[in-house]
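Here is a structure to get to know, along with its sequence. Take a moment to look it over before reading on.

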Amino acid sequence: MIVTVTANPSLDRTVEVDRLHRGAVQRALTTSVDAGGKGVNVSRALVAHGRPTRAVLCSGGFAGLELLALLRETGVPLREVRVTGGIRSNLTLAEPDGTVTKLNEPGPRLSTSEVDAVLDAATEAIIGEADWVAGCGSLPPGMPVDVYARLTERAHALGAQVAIDTSGAALDACLAAGPDLVKPNAEELAECAGAEIRTLGDAVKAAQVLRDRGAGAVLASLGADGAILIDDSGARYATARLDAPVVSTVGAGDATLAGFLAAGGTGEHALRTAVTWGAAAVTLPGSSMPTPNDLGRVTAEVQRSIDPDRVLTK
Ligand SMILES: Nc1ncnc2c1ncn2[C@@H]1O[C@H](COP(=O)(O)OP(=O)(O)O)[C@@H](O)[C@H]1O
Ligand SMILES: O=P(O)(O)OC[C@H]1O[C@](O)(COP(=O)(O)O)[C@@H](O)[C@@H]1O
């Protein structure tokens, strides 16, 4: 069972325009709305593949009612933490040439009691059920920066392994608690390691910096260049070939983490599955999560060796 914790979930609204003109009134070509937030997306991907999961998430306001309805419609097991503030909507403006502009709201300000309620709900969901806990996404205002460290300590005390997918100060602050896995993208990895990442070798070195600071393993997603896994067994690199066009990269990182955990959370098979689910996700609109039927358009492979001088395209 994989429990996901999303303190800052979202309604992901995607609007497609032929070309974005700042300051103009434009007609949308298409619009869609998905349940969102990084941990929510991980649970959505797991449900799509029939894997046991439970999403622990904050919910409040009318957007929260719509979010819960979307999740119940797709059969995602939930543990809701009712908060006073309204859940945010994150807007993606997509253009046919693949340009994506994403506007993420900060989310509702949580009170101290609501912060405690999130951690308590996560603890209750973990007890006796969870093999893995995935703490994912940005922190809403009022959430202490060390919340993922506190979640890691509680989960470890209950015998569960921990995966964290976040950025900035929240990622920095969780490392000392020793999460078993962190899943930064290239930008988040560079920021956390304080290093420029131009080549595959740079990414491997930066991932090792995060391991030196406490992360057990680092699954770093590298956009179109695939992903690397750095753990006690060394460094491995996987890429994916798409047999379909790229439609939306929103949610790709969450599908990547979901695939990795669904395949056991360690080793080459998990890395290959991670890259397969992530690449399949980009062929889907909005923040849709891939189903087993979507995986056929992707061919992923773990590279026999890593060329440290390979320049990343992202
Ligand atoms: N343009 C792309 N072409 C093929 N696969 C992609 C592309 N963008 C992302 N992916 C896949 O999705 C995974 C996650 O993408 P990435 O952009 O690194 O994550 P995030 O959404 O966290 O920023 C990548 O490891 C890769 O497998
Ligand atoms: O593209 P990714 O990194 O997989 O995550 C996509 C999800 O993250 C979000 O952009 C939210 O990210 P944050 O929690 O970091 O603000 C959601 O809108 C979306 O559902």
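The report below walks through the model part by part.

## Before we start

This is a predicted model, in which local features need pLDDT of at least 70, side-chain atom pairs count only at pLDDT 80 or more, and totals for chains, interfaces and linings use all residues. Residues are numbered from 1 along each chain as its sequence is written, chains are lettered from A and ligands numbered from 1 in the order in which they are written, and side-chain values use heavy atoms, with hydrogens and water left out.

## The annotated domain

In an unreviewed entry, UniProt lists residues 15-292 as "domain: Carbohydrate kinase PfkB". UniProt positions are given here in the numbering of this model, feature names are shortened, and annotations may be inferred rather than shown by experiment. Within the span 15-292, 38% is helix and 23% is strand, and its end C-alpha atoms lie 26 Å apart. Helices (H or I, at least four residues) and strands (E, at least two) are DSSP runs, numbered from the N terminus.

## Around ligand 2

An N or O atom in the side chain of asparagine 41 is 2.9 Å from an oxygen atom of ligand 2. For arginine 88, a polar side-chain atom lies 3.0 Å from an oxygen atom of ligand 2, and for asparagine 90 the distance to an oxygen atom of ligand 2 is 2.9 Å. Taken alone, ligand 2 exposes 480 Å², and the protein buries 86% of that; these areas come from the Shrake-Rupley method with a 1.4 Å probe, and for residues only the protein chains shown count as cover.

Aspartate 12 lies in strand β2, and it counts as buried because its relative accessibility is 5%. Here buried means under 20% relative accessible area, exposed over 50%, and partly exposed in between (1.4 Å probe, protein chains only). The side chain of aspartate 12 makes polar contacts with the side chains of serine 10, at 2.9 Å, and serine 287, at 3.1 Å. Aspartate 12 and serine 288 are 276 residues apart in sequence, yet 9.9 Å apart in space, C-alpha to C-alpha.

Threonine 14 is also found in strand β2 and is buried, with a relative accessible area of 11%. Not counting residues up to four places away in sequence, threonine 14 touches Thr30, Thr31, Ser32, Thr92 and Gly286, where contact means heavy atoms within 4.5 Å.

## Helix α6 and its neighbours

Is helix α6 enclosed or open? Helix α6 (residues 186-193) is largely enclosed by the rest of the structure, because six of its eight residues are buried. These are Ala186, Glu188, Leu189, Ala190, Cys192 and Ala193, and they pack against β9 (161-165), α5 (168-174), α7 (200-212) and β11 (217-221).At the start of α6, a side-chain oxygen of asparagine 185 reaches to within 3.2 Å of the backbone nitrogen of glutamate 187. After α6 comes glycine 194, with a positive phi near 65 degrees.

Alanine 163 lies in strand β9 and counts as buried at 1% relative accessibility. Leaving aside neighbours within four places in sequence, alanine 163 is in contact with residues including Trp132, Leu181 and Leu261.

Threonine 273 has its place in helix α9 (residues 267-282) and is buried, with a relative accessible area of 14%. Alanine 7 lies in the loop between β1 (2-6) and β2, and at 7% relative accessibility alanine 7 counts as buried.

Notes. Polar contact = N/O pair within 3.5 Å; in protein donor to acceptor, adjacent residues only side chain to side chain.
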